[in-house]
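I opened this entry to note what I looked up, item by item, as someone new to the structure.

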Amino acid sequence: KAAQGDRAGGFRRRRIMVPLLAGGLDIGLAVVVAATFILLKVRERMLEDAGRELRNLSYVIADQTERTLHGVDLAMAAVLERARAAGALTAPDAFLAWAVTREAHERLRNRARILPQVGNMILLDATGRVVASSRGWPLEPNDSSDREYFTALRDGAERVLGPAVRNRGNGTWTAYLARSVV
């Protein structure tokens, strides 16, 4: 009889435990499903926020880039205005005669100095040879006739923002903003 009582008690415990375990598993599963749903919603909101922040940041960077390029373009225009005032833009020989002077170097240097994003301002002749630079005077020979910005200018473009290329002088990645003199 004692053995039957133990079996009957174990059976009753199992009968009580099975629904409790099933209920516990159901509750646990509901908690996991709810947590997963909440986490997916939080992730979705975070991705939307990140996308919005990325768009806002891209607008700020685009605006800053536009201002930077405008400043560089104004600096180049000021140098060319001085060349025009000196009569250097009347003929290629006149431009070359002015561009190789210390005055041209000083003009370039002073303009580049106030623009921290400008590494170097240069003047090229009609063949693509660097004839003036804000970095140094007198100038080391340098040929840029194979650069995309020069070929675009030679082919008639007024302004060119070239792709980033390795600078031949120091190996850094450099983007060129170039404009035609004539």
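Which residue forms a salt bridge with Arg-82? I found that the partner is Glu-103, with the closest N and O atoms 3.0 Å apart, and I keep in mind that this is a predicted model. The pair links distant parts of the chain, since Arg-82 lies in helix α1 and Glu-103 in helix α3, 21 residues apart. I noted Arg-82 as partly exposed, with a relative accessible area of 28%, and Glu-103 as partly exposed too, at 31%.

Next I looked at helix α3 itself, which runs over residues 102-113 and reaches 16 Å from its first C-alpha to its last, close to the 16 Å expected. In α3 I listed Ala-104, His-105, Leu-108 and Ala-112 as buried. They cover an arc of only 100 degrees around the axis, so they sit on the same side of α3.

I then returned to the salt bridges, of which the count comes to 13. Asp-73 counts as buried because its relative accessibility is 15%, under the 20% cut-off, whereas Arg-179 is partly exposed at 21%.

Last, I checked the aromatic pairs and found that the count comes to 1. Tyr-149 and Tyr-176 are stacked, 4.7 Å centre to centre with 20 degrees between the planes. I placed Tyr-149 in helix α4 and Tyr-176 in the loop between β5 and β6, 27 residues apart, and I recorded both as buried.

Technical notes:
Residues are numbered from 1 along each chain as its sequence is written. This is a predicted model: local features need pLDDT of at least 70, side-chain atom pairs count only at pLDDT 80 or more; totals for chains, interfaces and linings use all residues. Side-chain values use heavy atoms; hydrogens and water are left out. Helices (H or I, at least four residues) and strands (E, at least two) are DSSP runs, numbered from the N terminus. The expected span of a helix is 1.5 Å times one less than its number of residues. Buried means under 20% relative accessible area, exposed over 50%, partly exposed in between (1.4 Å probe, protein chains only). The arc is that of the directions from the helix axis to the C-beta atoms. Rings of Phe, Tyr and Trp (its six-membered ring) pair if their centres lie within 6.5 Å; planes under 30 degrees apart count as stacked, over 60 as edge-to-face and the rest as tilted. A salt bridge is a side-chain nitrogen of Lys or Arg within 4 Å of a carboxyl oxygen of Asp or Glu.
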